[in-house]
Amino acid sequence: MFDPTTKVLVVDDMMTMRKIVVKACKDIGFSDIIEAADGQKAWEAIQAATSPIGLVISDWNMPNCTGLDLLKRVRADGRYKALPFVLLTAESEGHEVAEAVKSGVDNYIVKPFTPELLQRKLEETHKKTTTR
Amino acid sequence: MHYTTSEKDGVHLITCPSTIESADAGAMDAMVKGWLLSSAKVHVLDFKAVNLFKPTAYRTFVLYNQALKANGKSLFVVNLNTEIGRQFKQDGLTSVFVTVASLDEALKKASPKSGSGVDVEFINPFIAAARSVLETQAKLVLTPGKPMIKKADDRLPMEIAGVIALSCKEFTGSINLCFRGETFLKIYEGLTGEKHDTITTEIEDAAAEILNIIFGQAKTVLNDQKGYTLDRALPTVLTGERLRLYHSSKSPAIVIPFDSPAGPFHLEIVVEKS
């Protein structure tokens with residue numbers, strides 16, 4: 001599992017969902033959590049972070065740069081291309097899952113989710129990203 | 001890995017081995033390419049012997065499903081055991097591995113949806129999604145009531161509503177999730193653990209987010225399993241004392257009432273053929 005000191009970036013245009021994800025992350029043990037309200041602000045936060053962000057949990061469907069577009073920017077930039085990235089999505093149509101996989105997502109969580117599911121998904125993500 | 005294939009009654013049937021894994025990615029890709037050569041419009045995976053499906057194999061089947069859909073074909077699963085079904089549900093793959101009871105059912109489901117309108121087939125995924133979302137995210141067990149047609153002079157009490165515009169080839173319309181203030185505040189507390197006395201701009205986006213998740217779930221079922229082509233949409237929120245929704249369409253709105261430990265609320269669905 002990710003070290004509890006890992007800096008986590010939570011991205012969602014809905015404040016309520018950011019609160020839900022941040023609370024679930026805190027319940028798992030993370031203490032260094034920052035938030036962004038869309039993909040553009042998240043990209044700016046990644047570049048401006050004084051200590052490296054170690055995990056991104058991002059919504060997909062957002063105005064002003066979607067989670068998928070953010071993922072593509074991250075994977076295209078040599079500085080961040082190995083950054084563990086989890087997409088949180090309300091939609092799980094086959095072609096969308098395939099697009100996320102092709103774009104290099106490390107894991108995705110379909111809303112609604114329980115804190116237990118989030119924990120399991122992050123454990124899977126950690127296992128996957130530490131062996132790449 | 002040992003898969004066998006056959007063609008039966010217009011179905012390309014693939015009998016799967018006891019363990020599905022992606023041990024040899026090249027061999028798997030070559031095998032799937034062979035399956036895609038079949039002219040059958042309906043492909044069915046027989047999971048009778050399957051007792052282990054490793055997540056490393058997800059990508060192969062997700063891309064297989066995508067390739068089939070791109071060619072107007074469909075993928076289904078028969079004889080899926082409960083444990084693997086639960087695994088697929090938790091991993092968000094129920095739209096990739098759509099279960100059917102028989103090859104006949106697969107052929108029926110694969111027939112494109114003709115016509116449109118607010119019928120039971122269209123409404124049921126929204127009811128199921130509302131129950132799933134609020135039970136999982138806010139720990140609220142819902143009791144859906146009987147859907148009814150909204151009359152012009154109906155005064156359905158609400159102070160906040162999430163609204164999403166529906167759009168696809170066959171129709172346009174909207175779906176609206178409507179709450180009384182007191183019910184909304186209790187649901188918000190169930191979602192976040194935070195107690196509020198009034199609906200503020202800080203918390204009102206919860207109405208949009210709940211509807212967003214309900215719509216996402218229902219859209220996945222309607223598009224992947226029932227042949228609809230609903231577009232993505234972003235929700236908006238309306239608030240106000242004695243809020244009323246007016247629908248300018250010729251078709252009447254269908255109201256689906258729900259009861260819950262937080263209080264009653266309802267969905268309003270309006271559909272107009274294009």
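How many salt bridges does a search of the whole structure find over all chains? The search finds 19 of them, where a salt bridge is a side-chain nitrogen of Lys or Arg within 4 Å of a carboxyl oxygen of Asp or Glu.

This is a predicted model, in which local features need pLDDT of at least 70 and side-chain atom pairs count only at pLDDT 80 or more, while totals for chains, interfaces and linings use all residues. Residues are numbered from 1 along each chain as its sequence is written, chains are lettered from A and ligands numbered from 1 in the order in which they are written, and side-chain values use heavy atoms, with hydrogens and water left out.

**View 1. The interface of chain A and chain B takes 31 residues from chain A and 37 residues from chain B.** Contact here means heavy atoms within 4.5 Å. The size of an interface is often given as the accessible area lost when the parts come together. Chain A and chain B bury about 3000 Å² between them, and 53% of this area is on carbon and sulfur atoms; buried area is the accessible area (1.4 Å probe) that two parts lose on being put together, summed over both. Of the area that chain A buries against chain B, A:Met14, A:Thr16 and A:Pro112 supply 19%, which is more than any other three residues.

**View 2. Polar contacts and salt bridges cross the interface, with twelve residue pairs in polar contact (both at pLDDT 80 or more) and a count of five salt bridges.** A polar contact is a pair of N or O atoms within 3.5 Å; within protein, one must be able to donate a hydrogen and the other to accept it, and residues adjacent in sequence count only if both atoms are side-chain atoms. One of the salt bridges between the chains brings together the side chains of A:Lys19 and B:Glu194 (2.8 Å, N to O). On the side of chain A that touches chain B, helix 1 (15-28), helix 4 (94-102), strand 5 (107-110) and helix 5 (115-130) of chain A each supply at least two residues; helices (H or I, at least four residues) and strands (E, at least two) are DSSP runs, numbered from the N terminus. Helix 4 of chain A gives the most to this side, with seven residues. The residues of this side of chain A divide into 15 nonpolar, six polar and ten charged, where Ala, Val, Leu, Ile, Met, Phe, Trp, Tyr, Cys and Pro count as nonpolar, Asp, Glu, Lys and Arg as charged, and the others, Gly among them, as polar.

**View 3. The side chains of A:Arg120 and B:Asp91 meet in a salt bridge (3.1 Å, N to O).** Because A:Arg120 lies in helix 5 of chain A and B:Asp91 in the loop between helix 3 (82-90) and strand 7 (98-99) of chain B, the pair joins two chains. B:Asp91 is buried, with a relative accessible area of 4%, whereas A:Arg120 counts as partly exposed at 27% relative accessibility; buried means under 20% relative accessible area, exposed over 50%, and partly exposed in between (1.4 Å probe, protein chains only).

**View 4. Within chain A, a salt bridge (2.9 Å, N to O) brings together the side chains of A:Arg18 and A:Glu35.** A:Arg18 lies in helix 1 of chain A and A:Glu35 in strand 2 (residues 32-36) of chain A, so the pair ties together parts that are 17 residues apart in sequence. A:Arg18 is buried, with a relative accessible area of 11%, and A:Glu35 is partly exposed at 44% relative accessibility.

**View 5. Strand 11 (residues 171-179) of chain B is mostly covered, with seven of its nine residues buried.** Strand 11 of chain B pairs in the antiparallel sense with strand 10 (residues 160-167) of chain B over eight bridges, and two strands pair if DSSP finds at least two bridges between them. Strand 10 and strand 11 of chain B form a hairpin with three residues between them, and B:Gly162 stands opposite B:Leu177 in strand 11. Strand 11 of chain B also pairs with strand 14 (residues 265-273) of chain B, in the antiparallel sense over nine bridges, where the bridge partner of B:Phe171 is B:Lys273.
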